[in-house]
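Here is a short briefing on a protein model. Please look at the sequence and structure first.

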Amino acid sequence: MLENFLCVIRKVYEGCRTTICSVEGETAEIPIRSGVKQGCPLSHIIFNLAMEPLLQAICNGTDGFNLHGERVSVLAYVDDLVLTVDHPESVQHMLDATSRAANWMGLHFNAKKCAALHIDGSKRGSVQTTEFQIQGEPVISLAEGQAYQHLGMPTGFRVR
């Protein structure tokens, strides 16, 4: 039954194309090679089926940040993920687990759209430039005063 369901989904997505309308007119057809169809009633289900193994891979480890006695390892909103940990070594461990899950599912992170902010709380808000990788690609390391747009808001340390 699962194979029949997957076959139906593959057929729905087979040969997907779109066009863009502008004041100059409509573009030629553009093939859609990844993602989900906008407006398709299955899109949110397919998206959640893809996100769940990633979230489970992150949450199944022992890494995370202690927040009032609860371990928080990931904050997720739609396709934005924030990994939270107490120790910088744990970040790469979590990124590796996330990478393995994504590779298994055939998904790819765009490392240029990822950023790391390492704040050393023991040094009173000292920002460290620590290098991390996701799927073998380097992640941008934010310095003090640098911002990253997360959910449309600048995120960083001492950012105005």
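Tyr77 stands opposite Asp80 in strand 8. This is a predicted model, where local features need pLDDT of at least 70 and side-chain atom pairs count only at pLDDT 80 or more, while totals for chains, interfaces and linings use all residues. Residues are numbered from 1 along each chain as its sequence is written, and side-chain values use heavy atoms, without hydrogens and water.

- Strand 7 (residues 74-77) pairs with strand 8 (residues 80-83) in the antiparallel sense, over four bridges.
- Pairing requires at least two DSSP bridges between two strands. Strands are DSSP runs of E with at least two residues, helices are runs of H or I with at least four, and both are numbered from the N terminus.
- Two residues lie between strand 7 and strand 8 in this hairpin. Val78 in the turn has a positive phi of about 50°.

**Hairpin of strands 14 and 15**
- Strand 14 (residues 147-150) and strand 15 (residues 153-156) are antiparallel partners over four bridges.
- Gln149 has Pro154 of strand 15 as its bridge partner.
- The hairpin has two residues between its strands, and Leu151 in the turn has a positive phi of about 55°.

**Helix 2 residue**
- Ile45 is found in helix 2.
- Ile45 is partly exposed, with a relative accessible area of 38%. Partly exposed lies between buried (under 20%) and exposed (over 50%), using a 1.4 Å probe and protein chains only.
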